[in-house]
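Me: I'm new to this one. Can you walk me through it?

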Amino acid sequence: MQDLTPSLLFREMRDGITTIPFLIGERVAVIKDVPAEICSECGEAYMKSSVVDRIESVLDRLEELHSEMSVVHYEAA
Ligand SMILES: [Zn+2]
């Protein structure tokens, strides 16, 4: 009987947090502690769509601040 190991068929993703820098025009926004799924092979972070939606609204608000560089925590944003 053949044993099919799922980890050979799919990348293994683990839950984690990551820091993501965004460039808005010439301004920089850094969002820390963003929940993401991290690829166990290459370390790349993938965000869930609910997280992406929230980040978009955070970036919209940061744009109104006209600050050259902002650092925000995801949870506090
Ligand atoms: Zn990967």
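Reply: One term before we start. Helices and strands here are DSSP runs, numbered from the N terminus. Also, this is a predicted model.

Me: Fine. Which residue follows α2, and what is its phi like?

Reply: Histidine 66 follows α2. Its phi is positive, near 50°.

Me: How many helices and strands are there?

Reply: The protein has two helices and four strands. Along the sequence the pattern reads α-β-β-β-α-β.

Me: Back to α2. Why does its span agree with its number of residues?

Reply: Helix α2 runs over residues 49–65, which is 17 residues. At 1.5 Å a residue it should span 24 Å, and the end C-alpha atoms are 25 Å apart, so the two agree.

Me: How many of its residues are buried?

Reply: One of the 17. α2 is hardly covered.

Me: What about the protein overall, how much is buried?

Reply: Buried residues make up 6% of the 77 residues.

Me: Which residues form the largest nonpolar core?

Reply: Five residues: Ala29, Ile31, Val34, Ala36 and Leu62. Strand β2, residues 27–39, gives the largest share of this core, with four residues.

Me: What does alanine 36 touch?

Reply: Setting aside neighbours within four places in sequence, alanine 36 is in contact with Gly16, Ile17, Thr18, Ala45, Tyr46 and Met47.

Me: Now the strands. How do β1 and β2 pair, parallel or antiparallel?

Reply: Antiparallel, over 11 bridges. Within that pairing, threonine 18 stands opposite valine 34 in β2.

Me: What sits between those two strands?

Reply: β1 and β2 make a hairpin with two residues between the strands. Glycine 25 takes a positive phi there, near 60°.

Me: How many residues of β1 are buried?

Reply: Zero of its 12 residues. Strand β1, residues 13–24, is hardly covered.

Me: And β2 with β4, parallel or antiparallel?

Reply: Parallel, over five bridges. Alanine 29 has serine 70 in β4 as its bridge partner. Remember that Ala29 is also one of the core residues.

Me: How many buried residues does β4 have?

Reply: Zero among its five residues, and β4 is hardly covered.

Me: Where is histidine 73?

Reply: Histidine 73 is in strand β4, residues 69–73.

Me: What is histidine 73 in contact with?

Reply: Leaving out neighbours within four places in sequence, histidine 73 is in contact with Lys32 and Asp33. The C-alpha atoms of histidine 73 and isoleucine 31 are 5.6 Å apart, though 42 residues separate them along the chain.

Me: What share of the contacts comes from residues 24 or more positions apart?

Reply: They account for 52% of the contacts with a separation of 6 or more.

Me: Last one. Where is lysine 48, and is it buried or exposed?

Reply: Lysine 48 is in the loop between β3 (45–46) and α2. Lysine 48 is exposed, with 11 other C-beta atoms within 10 Å. Its C-alpha atom is 7.9 Å from that of glutamate 37, 11 residues away along the chain.

Technical notes. Residues numbered from 1 in each chain as written. Predicted model: local features only at pLDDT ≥ 70, side-chain atom pairs only at ≥ 80, totals over all residues. Expected span 1.5 Å × (residues − 1). Buried ≥ 20, exposed ≤ 12 C-beta atoms within 10 Å, placed from the backbone. Contact = placed C-beta atoms within 7 Å. Core = buried A, V, L, I, M, F, W, Y, C linked by C-beta atoms within 7 Å. Pairing = 2+ DSSP bridges.
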